[in-house]
Amino acid sequence: MGRARLGWVLPLWLEAPRCRSGDNLTECATKMASAGGADPDAEDAAETEEAIYEEVKPCNRMELSQQLAVEELITTEASYVHNIQLCVSDIRAHLQKKQLPDLDLEGLFSNTDDILHVSRRFLKGLEATAAHEHEQLLCISALFQEFKEEMETVYKIYCASYEHALLLVESYRKDPRLQEEILETLNATVPHTGASDLSFFLVMPVQRVTKYPLLLGKILENTPTSASAYPALQAAVRAMTQVNANINEYKRRREVATKYNKAEHLTLRDRFARLNTHSIAKKTTRLSRLFMHEAGIVAKMEDREYDNLEEKFQCVVSSVAVLKENVASYLGHLEKRRLDRLVCQPLCSLSDMLVGPQQLVKKRLDKLLDYEEIQERKSEMGSVTYDEEAAMNTYLAINALLVAELPQFNQVALQLLGEILCSFSALQRDLAAQVLQQAQKELEQMPHGRMPLPSFWKMVEDTLQQSGAQLRTLCQAFETVAPSPVTQPLNPAEERKVLSLVSKHGPDKLYQVTSNISGSKDLDLTLQRGQIVALLQSVDTKGNTSRWLVDAGGPRGFVPAGKLQPYCPVQSQQPGMQMPALESSTEGRRHSYAAPEAPRPQVATFTPAFQVVAGFSFAARSPQEVSLQAGQPVVVLEPHDKKGSKEWSLVDVNGQRGYVPSSYLVTVPLQKPMGWSLPV
């Protein structure tokens, strides 16, 4: 009689209504259940239950209701597993045989196989609890605790893709040919259900996972609080409620990600059409916040876990982009069919996979700026508006999703990239073998192709020695006829800028740009090779030591540290000075500004232009000190005393050594700098 009474709880709707985006699992399942209408068997079962209750003593009613609730849990689980088995083994298999090109079976059925695998094992465990009559409730509670993580893993993936499956079902309804094929499959495989479309079966996992807390709660309601299984049942109810909450949160995060991870290709007109007062204010706030971050005015909220993941992800992105460029230039040297199949197609697919996460990473930065602004306002005012709270939740959702899924994505992307590189290397080895084979054929036709190897290397050595002698003779002749190098002094504006940097920051902070720098990020500087800058900070606002903050004599910004070298002036050779040897003469020419008549690669050098002098007069008061006159040049031997204090400096004044106050010394430019030269 118990099994007959419990039959009404099975899903009996013929069509499932659409769930709106944003509905949680319970709301979605409730809408689905309400579509089936009233079941006449349910009324009969209810009347039978009332009759039983009237015949049973009140003290035994709770025990009977508990047994019926346990029976309901096991019976409905068996029916659910049977229906999922029909969905996978019969319906999907039948549709696969039809091989309909427009039917997306993976999008429809998602990870139903994983759900079936977990549910079968769970049902087997439930049925095994019947053997432990007195400890059945404890066994059921322990079983839910054991399976809660597996259930959450499989059901959250299915529930997150359920909206997409319903959209597919709706689109198939509008296609008469596909709808006819689906109906023919349902009638051939599950005619007893009377289902009119696939949504009848697709909603079952969504409903089942939301019903677990209700079924456990019904058992708990009919269990005395003094029973030994009561705390375990309570823990099981909390666990399954938390599973549903986690699934809802994951579903919400996926919806946010789906909204933002699509790359938009908008024209300039479309972008202007999107501008309004709200968007302009929001973007202005973000931009000002970003400037304050880069300038170090406001500290950026640190998330080291995410920063490490993003760094790895950006490394994958740049590697894929560089590899695509290399493969494109490599196409003309390999068999295109093999290269396209083994390298190009997988590489393009991997590149397309990166677009969504790239958009999400970019959107996270925008939402982070909004989040920090709202947090600051909340700390000042104590509360925020509903829209601001929603914006904060959006950032938290995107950040949590990226932190949870970027590790796995990076791992898969690196694995794919490694396989592509292996294929690329194999093709390159084949190409090298072909080139070597062709070279051997060409070598056989050369005059010295059949010469013994020792004789060949002897001939090469003699040829190189002869060529070297000719080159030395040419260099000596060139040295006698070439005009002497001349030094070109800096223009007054450039000299004033360098002297200004020295007076502001000191000569030890000066650096020279070794190659042209083109600023590509916000607050980056664009500098020419040879320019002199002053170092302000050897780290950027994110703690990156390879990006330095410098003063370029007016504008301030960041430059790559690898393109700066300490400014160490050396005395340049005077025009017309004779060099003792060819190598010395060549080296002197390399470190000076060459006239157009001698277009030779050169490196810019500068003559010393600064000296330390006494800024004020100082009278020695002990034998360890030395007297100074204002303007007198000195040589600083140690910028501190024997105890390490920088208030006193050890100096040499006209051969006399002693200590003087460090504050009395100043660094000034030479009145007549010799040998200043422009960078080349």
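This is a predicted model: local features need pLDDT of at least 70, side-chain atom pairs count only at pLDDT 80 or more; totals for chains, interfaces and linings use all residues.

User: At what angle do H7 and H10 pack, and how far apart are their axes?

Analyst: Helix H7 spans residues 136-173 and helix H10 residues 204-221; the angle is about 155° and the axes are 9 Å apart. Axes are lines fitted to C-alpha atoms, for helices over the stretch in contact, and angles run from 0 to 180 degrees between N-to-C directions. Helices (H or I, at least four residues) and strands (E, at least two) are DSSP runs numbered from the N terminus.

User: Is that crossing left-handed or right-handed?

Analyst: The H7 and H10 crossing is left-handed, meaning that the near helix is turned anticlockwise from the far one by less than a right angle (clockwise would be right-handed).

User: Which residues meet there?

Analyst: From H7, they include Phe 144, Met 151 and Tyr 155; from H10, they include Val 209, Tyr 212 and Leu 216. The residues of this contact comprise 14 nonpolar, no polar and 1 charged. Contact means heavy atoms within 4.5 Å. Ala, Val, Leu, Ile, Met, Phe, Trp, Tyr, Cys and Pro count as nonpolar, Asp, Glu, Lys and Arg as charged, and the others, Gly among them, as polar.

User: And how do H10 and H11 pack?

Analyst: Helix H11 covers residues 230-260, and its axis lies 9 Å from that of H10 at an angle of about 160°. The two are therefore roughly antiparallel, and their crossing is left-handed. Among the residues that meet are Val 209, Tyr 212 and Leu 216 in H10, and Leu 233, Val 237 and Asn 244 in H11. Here the residues divide into 12 nonpolar, 5 polar and no charged.

User: Asn 244: buried or exposed?

Analyst: Asn 244 counts as buried because its relative accessibility is 7%. Buried means under 20% relative accessible area, exposed over 50%, and partly exposed in between (1.4 Å probe, protein chains only). A polar atom of the Asn 244 side chain lies 2.9 Å from the backbone oxygen of Met 240.

User: Changing topic, where is Asp 551?

Analyst: Asp 551 belongs to strand S3, residues 547-551. At 1% relative accessibility, Asp 551 is buried.

User: What does its side chain pair with?

Analyst: The side chain of Asp 551 makes a polar contact of 3.1 Å with that of His 505. Such a contact is a pair of N or O atoms within 3.5 Å; within protein, one must be able to donate a hydrogen and the other to accept it, and residues adjacent in sequence count only if both atoms are side-chain atoms. The backbone nitrogen of Gly 554 is 3.3 Å from a polar atom of the Asp 551 side chain. Beyond four places in sequence, Asp 551 also touches residues including Leu 501, Val 533 and Arg 556.

How values were computed:
Residues are numbered from 1 along each chain as its sequence is written. Side-chain values use heavy atoms; hydrogens and water are left out. Angles under 35 degrees count as roughly parallel, over 145 as roughly antiparallel, 65 to 115 as roughly perpendicular and the rest as oblique.
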